[in-house]
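The sequence and the model are shown below.

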Amino acid sequence: MMRSLTVSLLAALALAACSRTPVPAETRAQDTRTFNAITPTLTATPGADLYQGTMDGLRGEAAYAIEVPANWNGQLVMYTHGYAGDGPELRVQTPRCATTG
């Protein structure tokens with residue numbers, strides 16, 4: 001009798017643990033915003049080739065700019081950043097190191 005009561009109690013606890021109310025997903029203001037990727041119009045650094053445009057991304061189009069020096073040694077340095085600004089336009093920004101020398 002005690003064993004069947006214990007088994008019943010454990011079964012009830014197991015079922016109760018499985019029926020939790022799911023926590024609603026967090027809603028953030030930025031998740032509802034839409035953006036427009038602006039095709040870059042940058043100028044290449046002297047002695048480099050510049051490739052720029054837009055591509056389909058995970059949440060719509062994304063803009064990009066890739067600069068390859070003519071004497072490229074095969075090593076890669078990447079500059080990335082998150083969205084900057086409050087407006088709907090997404091623009092490629094020139095890396096600070098390229099503007100300060």
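The predicted model of the protein has an average pLDDT of 79, and 76% of the residues reach at least 70; pLDDT is the predictor's confidence in each residue, on a scale from 0 to 100. Local features require pLDDT of at least 70 and side-chain atom pairs 80 or more, whereas totals for chains, interfaces and linings use all residues of this predicted model. Numbering starts from 1 along each chain as its sequence is written, and side-chain values use heavy atoms, with hydrogens and water left out.

| Element | Residues | Mean pLDDT |
|---|---|---|
| Strand E2 | 48–57 | 92 (highest) |
| Helix H2 | 96–100 | 60 (lowest) |

Strand E2 pairs with strand E3 (residues 60–69) in the antiparallel sense over 10 bridges; pairing requires that DSSP find at least two bridges between two strands. A hairpin of two residues links E2 to E3. Within this pair, alanine 48 lies opposite proline 69 of E3.

Of the 101 residues in the protein, 5% are buried, that is, under 20% relative accessible area with a 1.4 Å probe, protein chains only. The protein exposes about 9000 Å², 58% of which is supplied by carbon and sulfur atoms, with areas from the Shrake-Rupley method and a 1.4 Å probe. Among contacts with a separation of 6 or more, 36% involve residues 24 or more positions apart, a contact being heavy atoms within 4.5 Å.

How values were computed. Helix = DSSP H or I, 4+ residues; strand = E, 2+ residues; numbered from the N terminus. Buried < 20%, exposed > 50% of the residue type's maximum accessible area, 1.4 Å probe, protein only.
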